[in-house]
Amino acid sequence: MKSLSINGRITLDMHSLNNEGSEGNHLQTRMVHIINEHGELEVVNAVSGDMLKHMQTEHLNHILIERKHKALCKGCASLDANRINADDEFFKSIGKEKDVAKVTTALLQYCAMDDTQGVLITKDNRSTPRKSVVEFGWLVGIPEKNHSESHFHVKFDQKREAGSGADDGSNTGQNIFYRPANSGQYAVVLNVELDRIGFNDVTREYVIDEEERRIRTRAVLESILYTFIKPSGAMRNTQNPHILGFEGIISVSNNSIPAPTISPIRSDYKEEIEKVAKELNRIQEGIETFSFQTQSEFTRLMADLIEQL
């Protein structure tokens, strides 16, 4: 496999995975403007790609630590957002080297997470970028198939006397607040550049061996699968999402032709992707598509692809 894309519609009920912030005691859910399949402007609930990427990165971290993977920097091991920039041992190992190609090679060999999830090294006036091999789009509510509402809650204080919460910012006493809850069908788009794992984009060569590439590729695909099994995010302690279903299509490319992707905001996205794949195979055979109707089918297809590695 050179690249893989997942396009689908996932149904989530009563979640609050992504919020904008608070106004007073009202927590505001994230709403975005999009164009629907008829070219009309719509406002829908959404979860940012940053949030989805964070979920997938967390699953990848758990996989690599559980399997005692040696190529993991201190920052990634502790899920430090600074990643390898927080690892003093790495910077001792490269000394004063600032050549982008050499620093990139050292980075890819040092840490599997920085290799696959991307990072920008700026320490000591360096500017060495590593673009992520995993690309998430926003989780976008399908127009007419999503709804957001706000619910009243109380933090009850049995000793409450006059007034409500404390005025000193301590969050003590009785408080009332409003939290959002979102339900609906959401469009998912995701692309993975599997052939870039362990690949130095500057020197245009692989700098880790084939076995290490296989291990990292398996871990990345597993972490993507688990992202849709357990979509972590905000407010999960009391609003763990009800996952009702997941349908869509996986496209896989076995050559340099990109795995096709079309937004599931379109109702005919599956048929369109299959038609695009058919036309691309006329140029060079190598695109495969796998349609799924349920989460169990998606899990089986991903497990099949992982087993092939």
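This is a predicted model: local features need pLDDT of at least 70, side-chain atom pairs count only at pLDDT 80 or more; totals for chains, interfaces and linings use all residues.
Two packed helices are described by the angle between their axes and the distance between the axes. For α1 and α6, the axes come within 8 Å and cross at roughly 125 degrees. The two helices α1 and α6 are therefore oblique to each other, and the crossing in which α1 passes α6 is right-handed. On the α1 side, the contact is made by Leu-52, Met-55, Gln-56, His-59, Leu-60, Ile-63 and Leu-64. On the α6 side, the residues in this contact are Ala-219, Val-220, Glu-222, Ser-223, Ile-224, Tyr-226 and Thr-227. By class, the contact of α1 with α6 comprises nine nonpolar, four polar and one charged residue.

Helix α6 also packs with α8 (residues 295–307), at an angle of about 175 degrees and with the axes 10 Å apart. Angles over 145 degrees count as roughly antiparallel, and α6 and α8 are therefore roughly antiparallel to each other. From α6, the residues that meet α8 are Arg-218, Leu-221, Glu-222, Ile-224, Leu-225, Phe-228 and Ile-229. Their counterparts in α8 are Gln-295, Phe-298, Thr-299, Met-302, Ile-306 and Glu-307. The contact of α6 with α8 holds eight nonpolar, two polar and three charged residues.

Rolling a probe the size of a water molecule over the atoms shows where empty space is left. The structure contains one cavity of 30 Å³ or more, and about 60 Å³ of space lies in the largest cavity. Lining the largest cavity are Ile-10, Leu-12, Leu-17, Leu-52, Met-55, Leu-139, Thr-227, Phe-228 and Pro-231. At least two of the lining residues come from each of β1 (3–15), α1 and α6 (210–229). Among the cavity-lining residues, Leu-52, Met-55 and Thr-227 also take part in the contact between α1 and α6, while Phe-228 of the lining belongs to the contact of α6 with α8.

The largest pocket holds about 180 Å³ of space. Its lining consists of Lys-53, His-54, Thr-57, Glu-58, Gly-75, Cys-76, Leu-79, Asp-80, Ala-81, Arg-83 and Met-113. The elements that give two or more residues to this lining are α1 (49–66) and α2 (74–77); α1 gives the most, with four residues. In the pocket lining, four residues are nonpolar, three are polar and four are charged.

Terms used
Residues are numbered from 1 along each chain as its sequence is written. Side-chain values use heavy atoms; hydrogens and water are left out. On a 1 Å grid over the protein atoms alone, a cavity is a set of points where a 1.4 Å probe fits but cannot get out, and a pocket is an open set with protein on both sides within 12 Å along at least five of seven lines; lining residues have an atom within 4 Å of a point. Grid points are joined across faces, edges and corners, and a volume is the space filled by probe spheres set on the points. Ala, Val, Leu, Ile, Met, Phe, Trp, Tyr, Cys and Pro count as nonpolar, Asp, Glu, Lys and Arg as charged, and the others, Gly among them, as polar. Axes are lines fitted to C-alpha atoms, for helices over the stretch in contact, and angles run from 0 to 180 degrees between N-to-C directions. Angles under 35 degrees count as roughly parallel, over 145 as roughly antiparallel, 65 to 115 as roughly perpendicular and the rest as oblique. A crossing is left-handed if the near helix is turned anticlockwise from the far one by less than a right angle, and right-handed if clockwise. Contact means heavy atoms within 4.5 Å.
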